[in-house]
Amino acid sequence: MYKIVSRRELCGGIWEYVLRAPLVARAAKPGQFIIIRLHERGERIPLGIVDWDPGQGAVTVVFRERGKTTSQLVREYCPGDVILDVVGPLGNPVEIGRPGRVMCVGEDAWYANLYPLARALWEGGNEVICLVSTPNGSFWMDKFSAVAEVNLIGNPAAALRERLERERPALVWASGSPAMMRACSEICGERNIPIRVFLHPIMLDGTGICGSCRVEVGGEGKFVCLDGPTFDGAKVNWEALEVRLSAYREEERLALVRYFGKETG
Ligand code: FES
C-alpha cells in the first residue's frame, strides 16, 4: 500500500500527486516511470517520475485527468488515502552526458517529464532551453527556471521551428502528444538535429511480457517498458504508434461512461 502524501491541481485538469514510495524514491533517475494500480480491480497505468525526494521517501507524478483511472484518482483519492500498487522505477534512465546546448520542448502534463531531465542536464554543466505549453495555463515555471531558460509558448512545433531558425542546439528533447513529437521530429530531421522523445503507449506489466507497449523504432519492434521510454524521434514509426494508441479507444470511452454514468464528451 502506498500513501498519498499530497496533491494539487497545477492548472486546468493537470494534477500533481506526491506518493510515499521510499524504494522508488531512492532509486529513481531521469526518464524513468512507475506503473500504478489504484485497487484490486483497477487497470495499470504508467506515469513518469517527474521529481523525487529520497529523504522523504516520496515520488511526484503529474498527469492530466483524462481516462477512467486518472478520473477516479482525482475524484476519490486524497492525501492520507492509499493506492494498491506502485511498481518502479521502470525503464532506462536517460544518458545525460555533456551535449552542450539542449532544447527541451514539451506540451500539456507531459512537459513535467522534462523537469528531471533539465535538472540533470543543468547539473552536468549543459545549457538548457525549455519551450513549454499547455492549453490553459502553466505549471512549475519556478522549478524549470532554476535549471533552465524557460519559455511559455503556444504551438510547440511552431515555436521549435522559429527557435531553430535562430540557433542550433546539439540535441532536442520532446515530450508531448504523438502528433506533437512527430512534428518536432520532422522539424529536427529537416535540419539534421538529433531528437529524443518520450513515448507513452498503453502498458500492463512493465516487464516485457504482455507486449502491449510494443512500438516500431528503426524498423525493429521495441518494448517501451524495457527498451524505452525514450527513443530517437527520427526512427519512430509514428503511424504504427497512432494505430496502437487508438486500439482501445472504444473500451476507454465505455469505461468512462460506466464510471460517470453518462457520456463525458
Ligand atoms: S508493458 Fe507489457 S511488454 Fe511493456
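Two residues are taken to be in contact when their C-beta atoms, placed from the backbone, lie within 7 Å. This is a predicted model, in which local features need pLDDT of at least 70 and side-chain atom pairs count only at pLDDT 80 or more, while totals for chains, interfaces and linings use all residues. Residues are numbered from 1 along each chain as its sequence is written.

The protein is divided into domain 1 (2-90) and domain 2 (101-245), with bounds that come from an automatic or database domain assignment. Across the boundary, 18 residues of domain 1 are in contact with 20 residues of domain 2. On the side of domain 1 that touches domain 2, the elements giving two or more residues are strands S1 (2-11), S3 (33-37), S4 (44-48), S6 (58-64) and S8 (85-90); here strands (E, at least two residues) and helices (H or I, at least four) are DSSP runs numbered from the N terminus. By class, that side has twelve nonpolar, three polar and three charged residues, where Ala, Val, Leu, Ile, Met, Phe, Trp, Tyr, Cys and Pro count as nonpolar, Asp, Glu, Lys and Arg as charged, and the others, Gly among them, as polar. The centres of the two domains, taken over C-alpha atoms, are separated by 21 Å.

For the protein as a whole, there are nine helices and 16 strands, and the C-alpha trace spans about 50 × 40 × 35 Å along its principal axes. Buried residues make up 39% of the 265 residues; a residue is buried if 20 or more other C-beta atoms lie within 10 Å of its own, exposed if 12 or fewer, and partly exposed in between, with C-beta atoms placed from the backbone.

The largest nonpolar core has 71 residues, and those with the most contacts inside it are Val59, Val61, Cys104, Ala118, Cys130, Ala174 and Cys184. Such a core is a set of buried Ala, Val, Leu, Ile, Met, Phe, Trp, Tyr and Cys residues joined through C-beta atoms within 7 Å. Helix H6 (residues 178-191) gives the most to this core, with six residues. Because domain 1 (2-90) and domain 2 (101-245) both give residues to this core, it lies between them.

Strand S2 (residues 14-20) runs antiparallel to S6 and is joined to it by seven bridges, with leucine 19 standing opposite valine 59. S5 also pairs with S6 in the antiparallel sense, over three bridges, and aspartate 51 stands opposite threonine 60 in S6. S5 and S6 form a hairpin with four residues between them, and glycine 57 in the turn has a positive phi of about 65°.

In helix H3 (residues 114-123), Leu114, Tyr115, Pro116, Leu117, Ala118 and Leu121 are buried. Their cover includes strands S5 (51-53), S9 (101-107), S10 (127-133) and S12 (171-175), together with helix H4 (141-145).

Cysteine 78 lies in the loop between helix H2 (68-76) and strand S7 (82-83), and counts as exposed because it has 12 C-beta neighbours inside 10 Å. Leaving aside neighbours within four places in sequence, cysteine 78 is in contact with Ile4 and Arg7.

Note on methods
Two strands pair if DSSP finds at least two bridges between them.
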